[in-house]
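Got a model on screen and wondering where its labels come from? Let's go through them one at a time.

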Amino acid sequence: SPSKVSFFRRPDHMADEAVPRYNSRRRRILATASSILPRLPSSNANRRYQNRIVVVCRTTVVAVGLVGAIIRLSPPGRAGARRCSLERSMSSSSLSKSDVGYINLSCPYEMSKYSCSYILVHQEEDEDGSSRCDAASENLDASTEYYLENMNAIQGAFRLVMAQRGRSEWRRRPRRVFLTGDSLMKQLFIAIACNAMSSLPGNEDLIEESAFPWKDAWPTNNIGPFLVTGGRHSGFDAASIRLANDVEIHFVPHMGYIDADTAEKDVLERLHRDVIDRNGRITFGNKTAMPLSPDTHVDVLVYNDGIHYQLEEKRAHVNHFIDWVSKPLMMEDDERRRTRTIYVTTPTQHYNTNDGQWGTGEMGKTETKCIDRVDSNPRAELEKELLKPGENVDVLFDYDDLNLGMMHVRTGNDCSHYCMPGVPDVVAARLMREILT
């Protein structure tokens with residue numbers, strides 16, 4: 001990161017929230033350099049001497065900072081270990097040369113833990129060969145190929161944004177969308193943001209405004225020490241975007257690794273109070289990344305209960321969503337005024353267990369390997385049993401991913417999250433069509 005190296009000029013890409021800390025560090029360095037200048041009588045010769053000392057001091061500070069930055073930014077690993085190459089993934093290599101799409105953190109909204117191209121190029125080869133690199137490139141190839149195969153459908157969804165831009169006949173469309181769930185819903189939000197800025201030819205950016213408060217520290221779990229652990233591409237809780245057609249999409253998590261100050265664990269209880277108090281409308285609460293008025297209502301609620309509950313506990317939570325939120329909203333008479341509800345089924349896990357789920361038995365080395373396909377997704381089956389489109393929810397949106405197990409992150413035993421770009425992007429395009437039409 002140039003902001004860790006250049007002390008005397010603010011980098012163009014530096015986030016606004018990093019400026020105060022940057023300026024403070026810059027002032028301390030300049031004060032230190034000034035303090036060691038000799039106190040000499042004023043003369044042209046002495047001023048030239050002082051100027052030379054300043055140059056030496058600044059050069060030394062920059063050199064020391066550069067060495068420190070290299071040490072800090074270089075991922076730990078075996079001495080002399082070779083890194084894998086993105087060229088191992090033929091699909092990713094072609095995508096990186098394409099004029100559409102995103103790859104290897106080219107999208108400013110990506111998280112490094114979901115970027116399989118980033119993980120591949122920072123992966124170390126095995127001491128006795130390159131099998132680890134080959135394994136890492138397999139899921140990257142599969143997900144990137146799937147992404148490219150569906151690029152026309154993805155582009156079609158975001159052309160709707162362009163078609164609606166500035167058109168008076170679209171004034172009645174939903175303008176404010178609230179996504180809430182865990183990290184799996186977060187992947188859909190990232191996919192919407194990244195494709196809004198990269199999927200159309202010429203990389204026409206359809207995002208008018210965005211707010212991604214990146215965390216200063218973000219855990220890497222067991223994926224690898226090479227992940228970005230703070231700042232851009234590390235992790236965030238709430239985030240917001242406003243598209244070129246004035247549609248706002250706000251994501252606020254309620255489960256997973258979350259900070260109580262920037263997430264909303266009890267979102268269902270708060271939405272339940274809104275339904276009672278506001279006659280068919282709900283609000284965004286006070287956790288959105290873009291500040292909103294307390295009375296700003298939600299046009300479309302996109303909800304998922306998450307992957308962190310066991311089935312019986314999940315049954316209770318989905319029933320709360322139905323009884324407290326979606327069914328009461330559907331009973332409102334004014335269809336144009338009330339909040340519309342979309343429930344996204346929980347994505348499929350593909351662990352090598354009886355039902356593909358994590359934790360349903362002993363999770364050894366064999367069980368934590370991802371398999372390509374499972375026969376059913378117990379969480380999604382439960383959701384389909386309870387949620388009835390047109391009766392107690394407006395739309396039940398199926399992730400439809402039983403046979404996509406080869407596209408998970410895999411590194412760090414992750415058979416829950418998908419590589420990005422990949423499955424979340426295709427699902428996000430379908431979701432955008434549902435929202436916009």
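**Labels and the numbers behind them**

Q: What makes N413 partly exposed?
A: Its relative accessible area is 35%. Buried means under 20%, exposed over 50%, and partly exposed in between (1.4 Å probe, protein chains only), so N413 counts as partly exposed. N413 sits in the loop between β8 (408–410) and β9, and its phi is near 60°, a positive value in a residue other than glycine.

Q: What are the ground rules here?
A: This is a predicted model, where local features need pLDDT of at least 70 and side-chain atom pairs count only at pLDDT 80 or more, while totals for chains, interfaces and linings use all residues. Residues are numbered from 1 along each chain as its sequence is written, and side-chain values use heavy atoms, with hydrogens and water left out.

Q: How confident is the predictor in the chain, and where is confidence lowest and highest?
A: The pLDDT (the predictor's confidence in each residue, from 0 to 100) averages 83 for the chain, and 76% of the residues score at least 70. Where pLDDT is low, the predicted coordinates should not be read in detail.

Q: Why is A238 called buried?
A: Its relative accessibility is 5%, so A238 counts as buried. This residue lies in the loop between β2 (207–211) and β3 (239–243). Leaving out residues up to four places away in sequence, A238 touches P213, F251, V252, P253, T262, K287, T288 and A289. The C-alpha atoms of A238 and V252 are 4.4 Å apart, although the two are 14 residues apart along the chain.

Q: Why is D246 partly exposed, and what is its phi?
A: At 35% relative accessibility, D246 counts as partly exposed. Phi is positive, about 75°, although D246 is not a glycine. Most residues other than glycine have a negative phi, and most peptide bonds are trans.

Q: Which residues does a cis peptide bond join?
A: M420 and P421, with omega about 5°. P421 is in the loop between β9 (414–418) and α11 (423–436).

Q: How do you know that the length of α6 agrees with its residue count?
A: Helix α6 (residues 151–164) has 14 residues, which at 1.5 Å a residue should span 20 Å, and its end C-alpha atoms are 20 Å apart, so the two agree. The expected span is 1.5 Å times one less than the number of residues. Helices (H or I, at least four residues) and strands (E, at least two) are DSSP runs, numbered from the N terminus.

Q: How many helices and strands does the chain have?
A: There are 11 helices and 9 strands. Of its 437 residues, 49% count as buried.

Technical notes
Contact = heavy atoms within 4.5 Å.
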